[in-house]
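Notebook open, structure viewer running. I'm jotting down what I look up as I go.

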Amino acid sequence: MAIRLGDTAPDFTAESTEGTIRFHEYLGDSWGVLFSHPKDFTPVCTTELGTVAKLKDEFAKRNVKVIGLSVDPVSDHKEWAKDIAETQGVALNFPLIGDPDRAVADLYDMIHPNALNTLTVRSVFVIGPDKQVKLTLTYPAATGRNFDELLRVIDSLQLTAYQKVATPANWQDGDDVIIVPSLSNEQAKELFPAGWNELKPYLRVTKQPSKKSSAS
Ligand code: BEZ
């Protein structure tokens, strides 16, 4: 069954390029990104994994642990990692799960038979420290993902998890935000003493409050 926002991310134990992963235990109190790619030794996937490796510090800054996955075995991942280092100029620096029996792929519904018969599509799951699924994305094989967008979304998730705000279209960390409509003006005065710009009663724009805790 498809995984929905707010579901508890299914736990699993699997082999990876960094040894056995017990998923929930591995995540600990961190945020997590579990993402699948269709196949080792393929061009778009090679660029994607290099891009994620280059963003290691950005994910670490946000207290996010990243884990990749495909239905290839760990032995293939390790061979392919040499090509990633050679062509992308960065070593693989996060675990890649080998899932040849598709146990995790099936658990997370990462195989979409009408798109790719036996391979995982480009799925992304962002998981909060409470182990709940906060965001899902699905891209087809021919379209590489924008991992800057993933960081932007994580910034929004980490802000809106702790503050009574929502982030508007194309928002970037530091931009103005929207006070959630469920908050009355009386309540908003307490939380946003510097005030807001009321474009409509339901559209109140204010300065971005600080994230409660980047480690939360
Ligand atoms: C790729 O990564 O380039 C790719 C993988 C599977 C199917 C098509 C493209």
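Which residue forms a salt bridge with glutamate 58? I found arginine 62, with the closest N and O atoms 2.8 Å apart. A salt bridge here means a side-chain nitrogen of Lys or Arg within 4 Å of a carboxyl oxygen of Asp or Glu.

Some ground rules before I go on. This is a predicted model, where local features need pLDDT of at least 70, side-chain atom pairs count only at pLDDT 80 or more, and totals for chains, interfaces and linings use all residues. Residues are numbered from 1 along each chain as its sequence is written, and side-chain values use heavy atoms, with hydrogens and water left out.

Arginine 62 is buried at 12%, while glutamate 58 is partly exposed at 26%.

Next I looked up aspartate 173, whose side chain meets that of lysine 211 in a salt bridge (3.4 Å, N to O). This pair links distant parts of the chain, 38 residues apart: aspartate 173 is in the loop between S8 and S9, and lysine 211 is in the segment after S11. The S and H labels are DSSP runs numbered from the N terminus: strands (E, at least two residues) and helices (H or I, at least four). Aspartate 173 is partly exposed at 41%, and so is lysine 211, at 21%. Salt bridges that share partners join Glu58, Lys61, Arg62, Asp155, Asp173 and Lys211 into one network.

I also noted arginine 122 and glutamate 48, a salt bridge with its closest N and O atoms 2.9 Å apart. Arginine 122 lies in strand S6 and glutamate 48 in helix H2 (residues 43-54), so the pair ties together parts that are 74 residues apart in sequence. Both residues are buried.

**Entry: a sheet**

I traced an open, antiparallel sheet of four strands in the order S8-S9-S11-S10. S8 and S10 (197-200) stand at the edges with a single partner strand each, so one side of each has no neighbour in the sheet. Two strands pair if DSSP finds at least two bridges between them. S9 and S11 (residues 203-206) have two bridges, and valine 177 has threonine 206 in S11 as its bridge partner.

**Entry: positive phi**

Lysine 131 has a phi near 70°, positive though the residue isn't glycine. Lysine 131 sits in the loop between S6 and S7 (133-139) and is buried at 13%. Asparagine 170, also not a glycine, has a phi of about 60°, but asparagine 170 is exposed at 68%.

Technical notes:
Buried < 20%, exposed > 50% of the residue type's maximum accessible area, 1.4 Å probe, protein only.
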